[in-house]
Amino acid sequence: MISGYLDGLGMVLQVGTLLAIAGGTLLGIIMGALPGLTSAMAIALLLPVTFGMPPVMGIGMLLGALCGAGASGSIPAILLNIPGTPSSVATTFDGFPMAQKGEAGRALGLAIVASFFGGVASMVILSLLAPPIAEFALRFGAAEYFSLSIFGLVIIASVAGKSLLKGLIAGLIGFFASTIGTDPITGVGRFTFDQLSLLTGINLLPALIGLFAVSQVLKDAFEYDPHQRLEESTHRIDIARPRFLETLRHWKAVVAGILSGSIVGPIPGAGGSIASLVAYDQTRRFSKSPEKFGTGHAPGIVSVESANNALLGGALIPTLALGIPGEAATAVLLGGLMIQGITPGPLLFDDQSGTVYGIFLAYLVANVFMLLIMCLGIKLFIRVLMVPRKQLLSAILVFCFIGVYGVDGDVFNLYLMLGFGVLGYFLNRYDFGTAPVILGLILGPIAESNLRRGLQAFQGDWTPFFTRPISLTFLVIAVGLLALTLWQNYRGNRRTESNASS
Amino acid sequence: MKKLLSTLTLAAAMVVGGSALADDYPTKSIDMIVPFSAGGGNDTFVRALQPLLEKQLGEDLVIRNIPGGGGAVGMSRAVASKADGYTLLAASNAMLTLEAMGNVPFKHTDFDFIAKVIEEPYVIAVGGDSQYANLEDLVNAATSGTTIKVGVSGVGSSAHIAAVAMANRTGAEFNIIPYPGGSEAISAAMGGHVDAVVLGGAELRSALQSGRLKALAMSYAERSDSLPDVPTFQEQGYDLTLTVWRGIAAPKGLPADVEKRWVEAIKQIVADGSYEETAGNLGTQVSPLYGDELDAFIDQSAEVMREAAGDLAK
């Protein structure tokens, strides 16, 4: 193994390879930071370039793009309240409030360092524990996926903000929207109105950009006061630097992020989107001051961002150990691996050639480049906030249109984005929140299709959902968390009542 | 660095779009519609071909992923675009499946097929430690009252139709469970959540190589070099021949000289041999077909799909 790493090191520490990784990381950072452009697009764009390269160089470039995009999604989330990907939704919860307090530089500094820690830790876990974790992921059948999604839905209660009921209503709106499209089991079209674009259901990206970006632009536009001068811009550039010590002080949040990214992240198809929300939820629940979350509290940012980059390593586990990609970005990456002649699977980890160790090290190097490039760029990113509001708003809207149209060149998705933008504006205005809608939209199809797939496989018998150990565990945790939330709400209400009466 | 520069040029070309004018085709970048998201079999096939085609044609090939509706959205877009050779489609069985299911307003006759480039068989596979050692065991179990759960990728996908065709030709009764995609179906089979999967050979390649899954039969007429140990349905006594093919098509009315230019380019790439290794790595094999032979092949495949889809509707 040591000699494998030495061989791998020899492959990585070459000028060409290092340049390729740095280039991939830079492209990933740029694409991840622009709302609507994704790491999957960055990797797909780089794929043909890597054909002529040696395996470690080519795969290193693609991993760089994956890593860069995973970290830079936090930039628009913090500065503008616009998550570029579903996994950076939770970054907005504390990142944006902190930026509003004039501490955008601090928020970015925390996010960058937390991403780096998450990425490095996940690389270590990937290299040591990939085969057993992959085996664990394989044990997820229909019943387990269903229970996992129920567990995820309980998190809606946590991200719901002020009112549990309103959060659940918003979650159900997302759930309903997820039923649009072809029925996953029988193939019948539901609510598609003969619209080809709706056959595969509501595309997540237009919904995400609409709910978060367009709604934010609408809100800002309505609140825009042309007479207000910009002189009170409180953003201090001097605090914009990487925050190593401060991040380490919140080590519990880092650990929560790494654990949830590495355990939930590898579950194909479900893990990526909810790992960061699980991290946020757990960090808040076990915090001594849960009430500070959502107001610009550092552990909130740290947990989400460490989870975000840890889940990339997590998603690589089934991709490399089983050849099963969890989502779009790793699916494209898998294509790159196969074209290079690297067959993913358990054998890859026994391979003596050092290639797999080279890939691990390349991922580590990509994280280092990510840290360096982001640290160099941090003062630049912050200047976005110096742009006068009206120019900034129009620029954001332009990027939203480009990003959403760029996904598949479908004009229908632009209307969808605008529709969700209006919906998001009203949801925010009346305190329903938009995060539960996205969560419902993501978890809805997982819950529905796996419930039905399970019932078909078990021939109508629903008891396996409660008797299979992993499935039962998730259901019990879900019920427990729900009870805890209700109890905390009840106590909170009692306390405010007694405060009011005394 | 050169590679990096070429990426940047490519990116720039995507933004600017070709606008130069000259006499000979191609004079500007060519759009290649992939009716699936990036990372699928169709996508990887074209992306692996992209640099070679660009060298042959001397222009940029811009790959546009237009997923949705099992390929319906991208194909509708292709069929509606101008037949000037600047919008082409990465075509596959999916088109014939959609047509056979009657879900789309176009037919395969609305396209001009330029070339078939690669193909792979459909494979039925079971878990590596499955109790079913061969196809006969599985069929015997299925015909004697045991419910065999078979995972496929996507409801109404070509693999779904292939699974139905296998059930019909072997007389077995399958409980077919559709998964969102091939990788989900494979992980279900590896985890023992289904008894078998029916998928294209390329998707199953790494799972078969690692021994996590075991192939029982494949749908070529004869054994293939890519899976030499896997028996065909034909040699086990079942009349079933189906292939997953991938190639290039254009909206109907493609000028003859454009088609000729493309056929020449692909013939040259095949002759150079460099694509063969890539195709092999992807678990497919190069099996080019052009002109009238290709048209006959497409018509025959469409017929098989229509017949199997009719069985599905029953």
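In this predicted model, helices α2(A) and α4(A) are roughly parallel to each other, because the angle between them falls under 35 degrees. That angle is about 30 degrees, and the axes of α2 (residues 15–33) and α4 (residues 55–72) of chain A lie 6 Å apart. The crossing of the pair is right-handed. Where α2(A) meets α4(A), the contact comprises 17 nonpolar and 12 polar residues, with no charged ones.

Helix α2(A) also packs against helix α16 (residues 355–382) of chain A, here at an angle of about 55 degrees and with the axes 9 Å apart. The arrangement of α2(A) relative to α16(A) is therefore oblique. The crossing of α2(A) and α16(A) is right-handed. From α2(A), the contact draws on Leu18(A), Ile21(A), Ala22(A), Thr25(A), Leu26(A) and Ile29(A); α16(A) supplies residues including Ala362(A), Val365(A), Phe369(A) and Met374(A). By class, the residues of this contact are 12 nonpolar and 1 polar, and none is charged.

Two loop residues of chain A have positive phi values without being glycine. For Phe191(A), phi is near 50 degrees; this residue lies in the loop between β2 (189–190) and α9 (204–223) of chain A. Phe191(A) has 13 other C-beta atoms within 10 Å and is therefore partly exposed. For Gln459(A), phi is about 55 degrees, and the residue belongs to the loop between α19 (435–457) and α20 (464–467) of chain A. Gln459(A) counts as exposed, because it has 9 C-beta neighbours inside 10 Å.

In chain B, strand β5 (residues 148–153) pairs with β6(B) in the parallel sense over 6 bridges. Within this pairing, Val152(B) has Pro178(B) of β6(B) as its bridge partner. Strand β6(B) is mostly covered, with 5 of its 6 residues buried. A cis peptide bond links Tyr25(B) to Pro26(B), with omega near -10 degrees. Pro26(B) is located in the loop between α1 and β1 (30–34) of chain B.

The contact between the chains involves 51 residues of chain A and 48 residues of chain B. On the chain B side, the elements that give two or more residues are the helices α1 (2–16), α2 (41–57), α3 (72–79), α7 (182–190), α8 (201–209) and α10 (274–281), together with the strands β2 (61–65) and β6 (174–179). The residues on this side of chain B divide into 22 polar, 19 nonpolar and 7 charged.

How values were computed: Residues numbered from 1 in each chain as written. Chains lettered and ligands numbered in written order. Predicted model: local features only at pLDDT ≥ 70, side-chain atom pairs only at ≥ 80, totals over all residues. Contact = placed C-beta atoms within 7 Å. Helix = DSSP H or I, 4+ residues; strand = E, 2+ residues; numbered from the N terminus. Nonpolar A, V, L, I, M, F, W, Y, C, P; charged D, E, K, R; others polar. Axes fitted to C-alpha atoms, helices over the stretch in contact; angles between N-to-C directions. Parallel < 35°, antiparallel > 145°, perpendicular 65-115°, else oblique. Left-handed = near helix turned anticlockwise from the far one by under 90°. Buried ≥ 20, exposed ≤ 12 C-beta atoms within 10 Å, placed from the backbone. Pairing = 2+ DSSP bridges.
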